[in-house]
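Take a first walk through this structure. Keep the sequence and the 3D view side by side as you read.

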Amino acid sequence: VQHVDGSSAFEYVSPGFENINEITVETVCQNPNLVFEQVHRDDIDGLLYKVAESSRTLKTLLHECRIITTSGKTKWLQFNSQPERRSNGDIYWYGVVFDVTSQKETEVDLAKAKELAEAANRAKSDFLANMSHEIRTPMNGVLGMAQLLATTPLREDQRNFVQVILDSGDILMMIINDILDFSKLESGKLQLEQKPFNIFNTVNSVCNLLNKQAADKGVKLQYHINEANNDANNNYFIGDQGRLKQILINLIGNAIKFTETGIS
């Protein structure tokens with residue numbers, strides 16, 4: 001009870017108070033200030049503000065704070081009390097106080113675990129991004145040299161060898177791009193391009209890339225463009241050509257992989 005003269009008193013305290021606060025009911029009834037003296041110094045201002053606000057508005061006092069018991073233990077308490085104003089002007093609170101120390105400790109442990117997991121995830125994403133960039137440089141060199149080699153006079157078998165290098169290099173570059181995209185997705189940095197591109201040239205390029213894979217398996221890879229739409233003015237779309245190529249390569253590559261005979 002908070003009296004109109006500013007003093008306070010406890011009219012009733014349950015025996016459970018002794019287990020939580022480590023103060024006897026008799027002692028706290030004689031000296032109510034002992035309850036506030038136990039409140040952690042970093043939390044006392046917040047508690048007093050909530051008590052004053054509840055007293056002014058007569059709204060339920062819902063608050064959590066720490067106390068330091070006589071044995072030196074730090075505990076988290078949760079207050080849930082309803083105020084009422086008596087006819088003489090006194091404010092009377094009735095409610096319960098819970099010891100939520102174990103829940104708070106669990107929350108702290110979960111927060112730490114979450115922080116560690118996020119840090120590990122960021123480290124993984126950074127590693128994948130750095131590795132993909134580091135691998136990309138020598139791969140571009142390999143592909144560039146292979147492309148130059150393909151322009152020189154070669155025997156038919158040598159030309160086939162160079163083509164294998166180019167095809168394998170293209171697949172490796174796709175894997176590298178997938179790794180980079182994965183790291184960007186995890187870090188929220190993946191952005192789609194908005195540029196004009198020729199859809200039919202894109203489809204043709206993907207099929208040319210996968211033709212050898214299909215031929216090696218004895219599968220015919222075919223695509224058909226509706227002649228009614230095969231107009232230069234209708235060929236261009238706005239979007240991310242690179243991402244679309246990746247999608248088509250994955251879809252068509254899986255179609256080739258799981259087609260034993262016939263047309264993919």
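This is a predicted model: local features need pLDDT of at least 70, side-chain atom pairs count only at pLDDT 80 or more; totals for chains, interfaces and linings use all residues.

A polar contact is a pair of N or O atoms within 3.5 Å. Find Thr259, in the segment after α8 (241-258). A polar atom of the Thr259 side chain lies 2.5 Å from the backbone oxygen of Ala255. That distance falls within the 3.5 Å cut-off. Is Thr259 buried or exposed? Its relative accessibility is 17%, so Thr259 counts as buried.

Look for Asn198 in strand β4 (residues 195-198). The Asn198 side chain meets the backbone at Phe200, where a polar atom lies 3.0 Å from the backbone nitrogen. The backbone nitrogen of Asn201 is also in reach, 2.9 Å from a polar atom of the Asn198 side chain. Asn198 has a relative accessibility of 10%, so it counts as buried.

Now turn to charge. Side chains of opposite charge can pair when their charged atoms come close. How many salt bridges does the structure hold? The count is nine.

Start with Glu64 and Lys104. They form a salt bridge, and their closest N and O atoms are 2.8 Å apart. Glu64 sits in strand β1 (residues 61-68), while Lys104 belongs to helix α5 (residues 101-150), so this pair ties together parts that are 40 residues apart in sequence. The partners differ in cover. Glu64 is partly exposed, at 30% relative accessibility. Lys104 is buried, with a relative accessible area of 18%.

Next come Asp157 and Arg155. Their side chains meet in a salt bridge at 3.2 Å, N to O. Asp157 is partly exposed because its relative accessibility is 33%. Arg155 is exposed, at 52%.

Then look at Arg243 and Asp240. This salt bridge has its closest N and O atoms 3.7 Å apart. Asp240 is buried, with a relative accessible area of 11%. Some salt bridges share partners, and in this way Glu64, Lys104 and Glu107 join into one network.

Several α5 residues are buried, among them Thr101, Lys104, Ser125, Ala129 and Ser132. Further along α5, the buried residues include Arg136, Met139, Leu143 and Ala146.

Ile171, Leu172, Ile175 and Ile179 make a nonpolar patch of about 310 Å². Ile175 lies in helix α6 (residues 156-187). At 42% relative accessibility, Ile175 counts as partly exposed.

Finish with the cysteines. How many disulfides does a search of the whole structure find? It finds zero. Cys29 is in no disulfide, and the nearest cysteine sulfur, that of Cys65, is 19 Å away. Cys29 is partly exposed, at 31% relative accessibility. Cys207 is buried, with a relative accessible area of 4%.

Terms used:
Residues are numbered from 1 along each chain as its sequence is written. Side-chain values use heavy atoms; hydrogens and water are left out. A salt bridge is a side-chain nitrogen of Lys or Arg within 4 Å of a carboxyl oxygen of Asp or Glu. Helices (H or I, at least four residues) and strands (E, at least two) are DSSP runs, numbered from the N terminus. Buried means under 20% relative accessible area, exposed over 50%, partly exposed in between (1.4 Å probe, protein chains only). Patches are made of residues with over 30% relative accessible area and no salt bridge: like charges are joined within 9 Å, nonpolar side chains (Val, Leu, Ile, Met, Phe, Trp, Tyr) within 5 Å. Accessible areas come from the Shrake-Rupley method with a 1.4 Å probe; for residues, only the protein chains shown count as cover. A disulfide is a pair of cysteine sulfur atoms within 2.5 Å. A polar contact is a pair of N or O atoms within 3.5 Å; within protein, one must be able to donate a hydrogen and the other to accept it, and residues adjacent in sequence count only if both atoms are side-chain atoms.
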